[in-house]
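Please look over the chain shown here before reading the notes.

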Amino acid sequence: MRVLLMAYGSRGDIAPLAGLAAQLRELGAQVRVCAPPDEEFAELLAGVGAELVPFGRDVRALRTGAPPSDAAAFAAELVAAHFDTVARAAEDCDVLVASGLMPAGARSVAEKLGIRYVYAGFHPFEMPSPHYPPPPRPGPPAPPDMTDRRALWDLDTQKVNALYLQPLNAHRTALGLAPVDDVRAHVFTERPWLAADPVLGPWQELPDLDVVQTGAWILPDERPLPADLEAFLDAGTPPVYVGFGSMPMSTASDIARTTVEAARAQGRRVLVSRGWADLGLVDDSDDCFAVGDVNHQSLFRRVAAVVHHGGAGTTTTAARAGAPQVVVPQFVDQPHWAARVSDLGIGAAHDGPTPTLESLSAALETALTPKTRARAKAVADTIRTDGAAVAAQLLLDTGHAAPMSREQISQIAHAEHPIKSPLDDESVALLLERGLPRGDERVLDLGCGTAEWLLRALATRPLLHAEGVDVSEVALTQARRTASGLGVEERLVLHHQEAADFASTQPFDLVISIGATHAFDGLLPTLAAAREHLAPGGRVLIGESFWDRTPSPEAVEMFGDLADLATTVDLVVADGWTPVHGHVSTRSELDAYEWACWGSLAAWALDHPDDPAAAQVLETANAQRTEWLRGYRDSFGFLCLVLRRTSD
């Protein structure tokens, strides 16, 4: 197998690729790496026998000099390099693994060449999540009152598009590829890899991404420490290591003196790493020693603490060594790593990027306690070292390498039946007619998916306005694309969030929730949520499963303890609702839905025999069809009700 790895970034982006390249070569793969032309990257990759294809500008010169004056022009320059240098490097490869600074064109290159594409991130904090805000990015800052994280991530999408969308689509058009409308989602895919240690960088389940966490990609360093460094280490007590890697530290004046004096204030000797900030000794005292590029894996086991910027690689190396840490974060993911070090009790997080003697001394005091050292030693035993090996095996094992996500399978399954419920078009139209008697209502769909119900209502009612809520950005992106094609996008607002968390300042005339009551933990909680959004005299259109006949134990295990039809309606009435219309899916509708879903999956697998996921998709189709025919076909029913409140 021939593998192309690519990243534009500093050493923290290139060193993991060297670790993966080494593992791939051990397994017999040919490896080529597209990386910046910095001399130190060439030496690093030559050491693992990987072919280097340089692209872009020298990164160290960019970091330590004046940054590009026009961020959009620089982004366009990188995209052009993706379609030029990277594309040529990928021509005889079987797979392209992209990482680093937004590799906007990499997936398009793989698409045009018909090769596999994988996006890998080295920290989870770039991936859209309700658990943390997005990292800083060029573009207009968020309004001071914008605190909702989903809104902040939506703004981040706009910033990414402002930088990369136009040049990306220009190159795609030139290659005969369809344009994309969300660069970040396009680059990340629905199934990105996370090359970070699960203890240090655990990922919390993300609503739109099916993340594969391999563990950090670590390149074993067998270099001996220089003799003069060995002599310094042997001459006294373990020193405090101070180094900021590829950070120029331009915002912190005289950072070397500050850190040396803070370490001395704790009675410690000091090791100063020059790095890209070009730090040096502040005097000729014998309690300080300056080093260049040395083996951190060996060195960190012999120091009292590591003061650093919080890059993923340095954080992982220090944690593996059991060395207490003080993280002075500068930007992007580094504040998150600092917080993680503090949360784990293996060091201290400095507040902000610019340390003073007092602030750094206080952080060192915490890091140098026996309690912190003991905790750091304990955590060291939990850090995985096999991340690169796991990733290499995933790349080479094409049968296991890229299983489809649930969303991908659902998208294929519903290609011929976009209403994701057992209803035919006539039934859908009648339910909407009974729910929207005027035609100028405000409509809300809780758990809208691809917004098929809203789109059908908007397409036939020019005075209607609608809002949809769903956790799937992939589904919402598809909904926006369809709305644009229908010319109704100005009357449709889509919210990327949990349906249960949605709030609106204005009520709605119709609230829809079809087959989405699981989002609220059941039918009655769903109706309670709908009631909160409903205008006086408004209606609810709800769809729920029921048992038409006594179910088998297997069916109950699949769908839970559903009620029968009469009991389901009784529960709704007892909850204060009056049905004004109802529809029970017919046998024809139920069967048509199931055949469409599992037939679409099977047909896709047979039409794509060379796709690595074909066997998985066909197996899913066969298994689901069998579950339906033998498990629940004779007992499952589906009910839609149009409801009004019995009393407002």
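In what order do the strands of the open sheet stand? The order is β3-β2-β1-β4-β5-β6-β7, with 7 strands and parallel pairing. This is a predicted model, in which local features need pLDDT of at least 70 and side-chain atom pairs count only at pLDDT 80 or more, while totals for chains, interfaces and linings use all residues. Residues are numbered from 1 along each chain as its sequence is written, and side-chain values use heavy atoms, leaving out hydrogens and water.

**The sheet**

- Helices (H or I, at least four residues) and strands (E, at least two) are DSSP runs numbered from the N terminus, and two strands pair if DSSP finds at least two bridges between them.
- β3 (51-54) and β7 (212-213) stand at the edges with a single partner strand each, so one side of each has no neighbour in the sheet.
- Strands β1 (residues 2-8) and β4 (residues 95-100) pair in the parallel sense over 6 bridges, and V3 stands opposite V95 in β4.
- Helix α4 (residues 71-90) lies across β1, β2 (30-35), β3 and β4, at about 165 degrees to β1; axes are lines fitted to C-alpha atoms, for helices over the stretch in contact, and angles run from 0 to 180 degrees between N-to-C directions.

**Helix α21**

- The buried residues (under 20% relative accessible area, with exposed over 50% and partly exposed in between; 1.4 Å probe, protein chains only) of α21 (residues 523-533) are L523, T526, L527, A529, A530 and H533.
- These residues cover an arc of only 160 degrees around the axis, which puts them on the same side of α21; the arc is that of the directions from the helix axis to the C-beta atoms.
- An α-helix has 3.6 residues a turn, so residues three or four places apart point the same way.
- The elements that the buried residues of α21 pack against (contact means heavy atoms within 4.5 Å) include β14 (442-446), β17 (508-514) and α23 (565-574).

**Aromatic rings**

- The structure holds 14 aromatic pairs; rings of Phe, Tyr and Trp (its six-membered ring) pair if their centres lie within 6.5 Å, and planes under 30 degrees apart count as stacked, over 60 as edge-to-face and the rest as tilted.
- The rings of F559 and F636 have centres 4.8 Å apart and planes at 35 degrees, so this pair is tilted.
- F559 lies in helix α22 (residues 553-559) and F636 in strand β20, so the pair ties together parts 77 residues apart in sequence.
- F559 is partly exposed, at 31% relative accessible area, whereas F636 is buried, at 11%.
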